[in-house]
Amino acid sequence: FQSGRVVHGMLVASLFPALIASHFPGAVYASQSLKFAAPVYVGDEVVAQVQALQINAAGARHIVKFATKCFTDDDQTLAIDGEAMAFLPTLQLSTEVME
C-alpha cells in the first residue's frame, strides 16, 4: 500500500448492484462473492464489468448469475473478481446508461 490511501473494497464493490439496477430497474440483488485481488487507491479510476453467466426463468422473474470484475483504469489491474446473483423482473435492458 505504498501508493497512498486505499479505498475500502466494499465501497468499490458497491458498483456492481448499482450497475445491474441501472440497466434492469426493479432488480433485487440477492448475493455476491468477492475476491479482492489488488488495492484501489483514492483518485484511481475504476471500470466495473458485469457479464451474465446463467439465466433461469422463475415465474414472471428471472434469476441471473453474473460474473463481476473491477479494474483500475490506469493499468487494467484486476482489483475485484467475483460472482453475483440477482432477481430481474424483466430481461429488457433499460436505455439509460450509467456514467
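Modeller: Let's go from the overall layout to single residues. This is a predicted model, where local features need pLDDT of at least 70 and side-chain atom pairs count only at pLDDT 80 or more, while totals for chains, interfaces and linings use all residues. Residues are numbered from 1 along each chain as its sequence is written, and side-chain values use heavy atoms, with hydrogens and water left out.

Biologist: What share of the residues is buried?

Modeller: Of the 99 residues, 24% are buried. Buried means under 20% relative accessible area, exposed means over 50%, and partly exposed is in between (1.4 Å probe, protein chains only). The accessible surface is about 6,300 Å², and carbon and sulfur atoms hold 55% of that. Those areas come from the Shrake-Rupley method with a 1.4 Å probe, and for residues only the protein chains shown count as cover.

Biologist: And the contacts? What part of them comes from residues 24 or more positions apart?

Modeller: Taking contacts with a separation of 6 or more, 64% are between residues 24 or more positions apart. Contact here means heavy atoms within 4.5 Å.

Biologist: Which residues make up the largest nonpolar core?

Modeller: There are eight: V7, V12, A13, F16, V40, C70, A79 and I80. Helix 1 (9-13) and strand 4 each give at least two residues to this core. A nonpolar core is a set of buried Ala, Val, Leu, Ile, Met, Phe, Trp, Tyr and Cys residues joined through side-chain atoms within 4.5 Å. A second, separate core has seven residues, including I20, V64, F66 and A86.

Biologist: Let's pick I80. What does I80 touch?

Modeller: Not counting residues up to four places away in sequence, I80 touches G9, V12, A13, F16, L34, K35, F36, T68, K69 and C70.

Biologist: T68 is on that list. Is T68 buried or exposed?

Modeller: T68 counts as buried because its relative accessibility is 0%. T68 sits in strand 3. Its side chain makes a polar contact with the side chain of Q32 at 3.1 Å, and the side chain of T68 also reaches the backbone nitrogen of E83 at 3.5 Å. A polar contact is a pair of N or O atoms within 3.5 Å; within protein, one must be able to donate a hydrogen and the other to accept it, and residues adjacent in sequence count only if both atoms are side-chain atoms.

Biologist: What about E83, where is that one?

Modeller: E83 lies in strand 4. At 34% relative accessibility, E83 is partly exposed. Leaving aside neighbours within four places in sequence, the contacts of E83 are S31, Q32, S33, L53, K65, F66 and T68. The C-alpha atoms of E83 and L34 are 6.9 Å apart, though the two are 49 residues apart along the chain.

Biologist: Switching topic: how many salt bridges are there?

Modeller: The count comes to two. A salt bridge is a side-chain nitrogen of Lys or Arg within 4 Å of a carboxyl oxygen of Asp or Glu. One joins E83 and K65, with the closest N and O atoms 3.5 Å apart. That pair links E83 in strand 4 (residues 77-88) with K65 in strand 3 (residues 61-72), 18 residues apart.

Biologist: And which side chains meet in the other, at 2.9 Å?

Modeller: D81 and K69. D81 is in strand 4 and K69 in strand 3, twelve residues apart. D81 is partly exposed at 26% relative accessibility, and K69 is partly exposed with a relative accessible area of 26%.

Biologist: Why would such side chains pair up at all?

Modeller: Side chains of opposite charge can pair when their charged atoms come close.

Biologist: Last one: how many bridges join strand 2 to strand 3?

Modeller: Twelve, and strand 2 (residues 46-58) runs antiparallel to strand 3. Two strands pair if DSSP finds at least two bridges between them. V46 has T72 in strand 3 as its bridge partner. The hairpin of these strands has two residues between them, and G59 takes a positive phi near 70° there.

How values were computed: Helix = DSSP H or I, 4+ residues; strand = E, 2+ residues; numbered from the N terminus.
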